[in-house]
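I opened this model to go through its contacts, sheets and charged pairs. My notes follow in the order in which I looked things up.

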Amino acid sequence: MSNDFPRRKIIHVDMDAFYASVEQLDHPELRGKPIAVGGSSKRGVVAAASYEARKFGVRSAMSSVIAQRNCPELIFVKPRFDRYREISHQIRNIFYEYTDLVEPLSLDEAYLDVTVNKKGNPSATLIAQEIRQRIFDTTGLNASAGISINKFIAKVASDVNKPNGQKTVNPEEVLQFLEDLEIRKFYGVGKVTAEKMYKLGIFTGKDLKQKTEQFLEEHFGKSGRYYYHVVRGIHTSPVKPHRIPKSVGAERTFSENLSSEIFMLERLDHIASELERRLKKSKTAGKTVTLKIKYSDFTLNTRSKTLPYYIAEKELILETAKELLYQEKLQNSVRLLGISLANLNTEKDTKTQKKETVSVQLKFDF
Amino acid sequence: MKFIVSSTYLLKQLQVLGGVINNSNTLPILDNFLFDLKQDKLTVSASDLETTMSSVLNVDSDNEGTIAVPAKLLLETLKTFPEQPLTFVVEDNNTVEISSNHGKYALAYADGAEFPKAVELANPSSTSIMGDILATAIDKTIFAAGNDDLRPVMSGVFFQFSPESLTFVATDAHKLVKYQRTDVTASQVAEFIMPKKPLTLLKGILAGSESDVLIEYNDSNAKFSFENTELICRLIDGKYPNYEAVIPKENPNQLSISRTQFLSSVKRVAIFSNKTTHQIRLKIAGAELNISAEDIDYSNKAEERLTCSYQGDDMQIGFNSRFLTEMLNNLNSDDVSLEMSLPNRAGILTPIDGLDEGENVTMLVMPVMLNS
């Protein structure tokens, strides 16, 4: 392992079965039982499953019906996001005692860059140990951690000794670790990509490493280049403490599949209202409207349109969304509709100040 | 070649024709008036190759001949004379000598054969319209035409003739005016795009004129004939944008207000608007119209409230104040109506009163999107 890029110390902290653990913590009667946080309705999905439930094959994002089938004893608990947020906040405060370079990925996951840290501790492994202990002392919850030289490896490593464990991949071990890693464990490789990799004879990091950059780019496009570098231990993405959201969206799964646009208009109205509320809350406006359509066979269709100006008002969002809806015939009945707004006016910090005075003279659409 | 003509009569005609002549010409002959004398009829022409205009003057003569006389020199001279007869005599040494009560002046002339000939219209269609109506149609529309060289079709006024009506449309993609007369019609359906320059000339000459103008046209040229004058011009080539498609059909929000009040408020508030965008904001709720502008760079701000009659949802919409001012200035009615649908859709401005029978004016203006 050469030193041709700056050596960093990155920790990925991941709470174990976060939502489920919080519920078990707050409700002692649920402890030791298989529980799932999420809706139990026909169309509900599991947001998180306790380790007891995972033994039965209950996974997050699984439909509640299937989960119940896998584990008849499964107890469904309604999510309480405010409570999770509160605990997440406590945990984050612990992180900030060590470094300001904290990039939260969600309520239960974060990257920390401890190359330079407030405690002056040179060992990231010991810091991770300390942080996990502090989390347990403060909240009574278990966390796992991965420690390595970049975000990618730290993320993968945190999974290795889960639950309630940690794994350090030292700089000299990085290449071996990646070579031995199963391809489906690569962060960014999902079910579909993994299948594709298998067909190309790629099963481990070692197989992946043997492919040329050109080959990977041909088969996986832009991600191909990412895989090529990542398997060589190159992942330069910094820990971004102030992650600015790239898009704001809202979506809705329907209890019954919808087959006519007329019924969808009413739903879009609700979704647009919700989106407007979220935009108001984050004080943003965006230019690109994307309509997401999930058909009853789970195939996904997205349609987007970029306007020459920023919008945040419901009427305008709805108008563009309707246009996108009617742009093409629906191929099937629809189970989910979503609208998101990207190209937000918060994106480029340097420009935002000037943008206050920016206004766009509209033209006739000749 | 020799003729005698009244100095003020000649000046008056030449001043009108002089409008055709460009300030700088690549073809030097175009700096001249063409004098074509046939007994007591003197036809004077001016041209810029695109547009040629000529008038027939009554003079005292029994000669014939064709010469091109420097326009600037002649106009400058004529302006200084009090009314008197002038005698023009063409000398052998390529000069024309003018004799007045005060003295003699010699101007070098060019051979009239060098002057470009006006095109003849092959197989023209024609329609006839009262001079003042044409002048009004031009006046109502021409200000909205564009100046964009990349979209030459929008730099002119679109003439749309049909057996039901005559329609004149101009737009620069930000604002649009449609002026329609159902009391004047054409025998056939025809469409052509007239360039601005000849229209400006026609507007000046025809304002208030009750005589008929004969309009003849084919695919490439149009000719306007009235009294002793003819104007022939080349049309703008190309397809005019489908303007009907951009006129919003459903406009649930309708505002009625006194035109002069609205105009003066817009003008006043606009002084405080940003100097590059000229943007003002209209906020309408109930029977109150709130007009505001802000120039953040200089911390200038203005706000006015007007009472209006309004039907529709409360709304906020931004406009370029210059467009609104131009449009409101161009109307003559006491009250105007502004119809709107959404803050990113065109507003439709129409006069509520003061129109002639069969006269119809529709103005469209695209809003400015506010980034807040």
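**Entry 1, the interface.** I began where the two chains meet and found a salt bridge between the side chains of A:Glu319 and B:Arg345, with N to O at 2.3 Å. The model is predicted, and I read every value below with that in mind. The rule finds one salt bridge across the interface of chain B and chain A. I then looked up the contacts, where 30 residues of chain B touch 20 residues of chain A. About 2,100 Å² is buried between chain B and chain A, and carbon and sulfur atoms give 62% of that area.

I noted 14 helices and 13 strands for chain A. Chain A has 366 residues, of which 45% count as buried. I also checked how far its contacts reach: among those between residues at least 6 apart in sequence, 62% join residues at least 24 apart.

What is the nearest side chain of opposite charge to A:Arg335? I found A:Asp297, at 8.8 Å. A:Arg335 is buried and has no salt bridge. I placed A:Arg335 in strand 12 of chain A, residues 334–344. Leaving aside neighbours within four places in sequence, I listed its contacts; among them are A:Arg43, A:Arg252 and A:Lys294, and also A:Phe254, A:Tyr295 and A:Phe298.

I looked up the accessibility of both partners. A:Asp26 is partly exposed at 26%, and A:Arg80 is partly exposed at 31%.

I next took A:Asp100 and A:Lys118, which form a salt bridge with the closest N and O atoms 2.8 Å apart. A:Asp100 is in the loop between helix 4 and strand 5 (102–106) of chain A, and A:Lys118 in the loop between strand 6 (109–113) and helix 5 (124–139) of chain A; the pair therefore ties together parts 18 residues apart in sequence.

I found the side chains of B:Arg305 and B:Glu288 in a salt bridge of 3.2 Å, N to O. B:Arg305 lies in strand 21 (residues 300–307) and B:Glu288 in strand 20 (residues 288–295) of chain B, and the two are 17 residues apart. B:Arg305 is exposed at 55% relative accessibility, whereas B:Glu288 is partly exposed at 31%. I then went back to chain A for shared partners: salt bridges join A:Glu23, A:Asp26, A:Arg80, A:Arg83 and A:Glu86 into one network.

**Entry 6, the nine-stranded sheet of chain B.** I traced nine strands in an open antiparallel sheet, in the order 9-5-2-3-4-17-16-15-10. Strand 9 (110–111) and strand 10 (125–130) of chain B are at the edges with a single partner strand each, so one side of each has no neighbour in the sheet. Inside the sheet I checked strand 16 (residues 221–226) and strand 17 (residues 229–234) of chain B, which pair antiparallel over six bridges. B:Phe224 stands opposite B:Leu231 of strand 17.

Which strands do the helices lie across? Helix 1 (residues 7–18) of chain B lies across strand 2 (32–38), strand 3 (41–47) and strand 4 (51–58), at about 170° to strand 4. Helix 2 (residues 71–80) of chain B lies across strand 2 and strand 5 (64–70), at about 85° to strand 5.

I traced a second open antiparallel sheet of four strands, in the order 1-6-7-8. Strand 1 (2–6) and strand 8 (104–108) of chain B are its edge strands, each pairing on one side only. I noted an average twist of 20° from one strand to the next.

Definitions and conventions. Residues are numbered from 1 along each chain as its sequence is written. Chains are lettered from A and ligands numbered from 1 in the order in which they are written. This is a predicted model: local features need pLDDT of at least 70, side-chain atom pairs count only at pLDDT 80 or more; totals for chains, interfaces and linings use all residues. Side-chain values use heavy atoms; hydrogens and water are left out. Buried means under 20% relative accessible area, exposed over 50%, partly exposed in between (1.4 Å probe, protein chains only). Lys and Arg count as positive and Asp and Glu as negative; His and the chain ends are not counted. A salt bridge is a side-chain nitrogen of Lys or Arg within 4 Å of a carboxyl oxygen of Asp or Glu. Contact means heavy atoms within 4.5 Å. Two strands pair if DSSP finds at least two bridges between them. Axes are lines fitted to C-alpha atoms, for helices over the stretch in contact, and angles run from 0 to 180 degrees between N-to-C directions. Buried area is the accessible area (1.4 Å probe) that two parts lose on being put together, summed over both.
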